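Me: I have a chain open and would like to go through it with you. Could we begin with the terms and then turn to the details?

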Amino acid sequence: MSSNDISRDELLLLLSSMGVVLAKDNKLPTEELNRRFGMALNTAQELSDVVDKTPINLASLPRWTSQKTLFDATKRGSLTEALVGYMSQPKKGYLSPKEEIFKEMRQSVLLMAHVCDVGLRDICFLTEGDELGIFVRIMDVLRIKDGVPLYYFVYRELVPTPDTPMDALIDGIGVDRTLIKTGISDLERRTLLRLFRKNTKKLDPKIIAMERDAQGKETGHHPSFVLPLCPIAMRNLGKLTNNPGCEVCGKKNTSRCMQCMSVVYCSKQCQKEHWQTHKETCKSIKGGTWHSITVQEPDMGPPELNSIVNRLESMHNPQTAGISPSNNGIPPDVHGGKVFLAKFQVSLTYDNYGILAPDMLVYDRTRSFRFFWKRRSNPRLFAEAQKMMGSKLKFYRAPREDPLW
């Protein structure tokens with residue numbers, strides 16, 4: 001294993017720190033976890049929203065000009081994070097727990113924004129004891145779609161040797177007189193390198209020529225870019241946690257338990273092997289009672305106010321917290337006709353215990369739909385559901401879509 005590799009357990013921790021929670025005992029191959037982590041890095045930068053096509057032609061992008069500071073233009077955060085001052089807490093550097101790596105990465109990108117705001121350009125990200133590091137020189141800040149800043153830079157891995165300690169290595173680069181140094185954990189170093197290399201591949205191939213000097217020799221400096229990092233929207237988390245693979249071996253699933261529809265397998269052999277483990281759960285789900293409910297789309301007034309704020313999604317773009325589009329009230333079938341998990345939640349705005357609440361909000365994890373279930377549509381069943389919720393005022397159930405939709 002190379003010093004820059006990321007282990008399977010670390011991949012699960014990194015994904016979890018980004019909100020992509022997979023069962024620790026999942027059977028997904030490491031290759032698939034790497035693929036999902038790459039998708040998560042793209043999603044956290046909102047690449048598909050702000051980049052129309054790749055490779056990115058930097059020459060076609062205007063330079064950043066705005067009355068807003070780059071720090072403010074780069075800052076991202078959810079309502080929950082704002083309430084507790086999550087991103088205002090000091091960067092912990094090499095003391096940061098692995099569970100907070102994504103937060104630390106976001107703060108590193110914010111540091112790049114601050115460095116540009118004060119007219120500097122050189123940063124050294126160093127691990128404990130200056131054992132390893134990354135040198136970053138910000139070459140330019142460009143404006144991409146929707147006024148999002150793109151930080152274009154060159155970077156270089158710093159690997160000191162007994163003959164060339166870290167200080168000598170940095171001096172040999174020819175850094176500016178004012179150099180910003182910040183501590184990072186080794187896992188953040190490896191994750192930043194993964195992000196930088198991944199983004200390099202999205203640049204116009206002509207930019208790669210910067211890796212060589214006039215004589216065609218490798219300079220050790222690699223061009224890359226980074227976009228603001230933000231919490232992954234719930235509508236995207238579902239895509240990253242979906243399809244966990246065969247319950248036994250993790251291979252691509254081709255069948256599902258037809259009794260409960262809750263687990264998937266790649267073959268009849270794996271399904272048979274798993275039956276003794278799954279039998280009790282299967283029978284409990286199968287023994288449940290199905291009820292039909294009628295739901296309706298929210299009607300919350302003017303379009304500009306027609307939004308339900310999700311406390312976990314970034315507030316910089318109201319569209320990420322808005323109502324998912326539907327087709328005449330029919331939600332998009334992102335679950336492929338399979339059973340999925342939905343949350344039923346009573347609002348606290350009516351009374352302390354939600355007893356007088358006229359409706360429940362119903363939505364799935366991917367936010368492919370968000371509907372209201374009105375009490376008046378079935379008062380008896382509505383009251384029964386509230387009783388089952390108790391003081392928590394919410395529960396999760398596995399619904400299935402009415403085939404008449």
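Predicted model: local features only at pLDDT ≥ 70, side-chain atom pairs only at ≥ 80, totals over all residues.

Me: Is strand 1 largely enclosed or open, and why?
Reply: Strand 1 (residues 122-126) has 5 of its 5 residues buried, so it is largely enclosed by the rest of the structure. For Cys124 the relative accessible area is 0%.

Me: Which way does strand 2 run against strand 1, antiparallel or parallel?
Reply: The two run antiparallel, and 5 bridges join strand 1 to strand 2 (residues 133-144). Their hairpin has 6 residues between the strands, and Gly129 takes a positive phi near 75 degrees there.

Me: And strand 4, parallel or antiparallel to strand 1?
Reply: Strand 4 (residues 180-183) runs parallel to strand 1, with 4 bridges joining them. Cys124 has a bridge partner in each of these strands: Phe135 in strand 2 and Lys181 in strand 4.

Me: Changing topic: how many disulfides are there?
Reply: The structure holds 0 disulfides.

Me: Now the packing. Which residues touch the most other members of the largest nonpolar core?
Reply: Met112, Val136 and Ile138 do, in a core of 47 residues. Helix 6 (residues 101-117) gives the most to this core, with 9 residues.

Me: What is Val136 in contact with, leaving aside its neighbours within four places in sequence?
Reply: Among its contacts are Met112, Ile123, Phe125, Phe153 and Phe196. Arg121 and Asp122 are also in contact with Val136.

Me: What does the second, separate core include?
Reply: That core has 16 residues, including Met360, Phe371, Trp373 and Ala385.

Me: Finally, the whole chain: how many helices and strands?
Reply: The chain has 11 helices and 12 strands. Of its 405 residues, 45% count as buried. Its accessible surface comes to about 22,300 Å², of which 53% belongs to carbon and sulfur atoms.

Definitions and conventions:
Residues numbered from 1 in each chain as written. Heavy atoms only, no water. Disulfide = S-S within 2.5 Å. Buried < 20%, exposed > 50% of the residue type's maximum accessible area, 1.4 Å probe, protein only. Core = buried A, V, L, I, M, F, W, Y, C linked by side-chain atoms within 4.5 Å. Contact = heavy atoms within 4.5 Å. Areas by Shrake-Rupley, 256 points an atom, 1.4 Å probe, with all protein chains shown as cover. Pairing = 2+ DSSP bridges.
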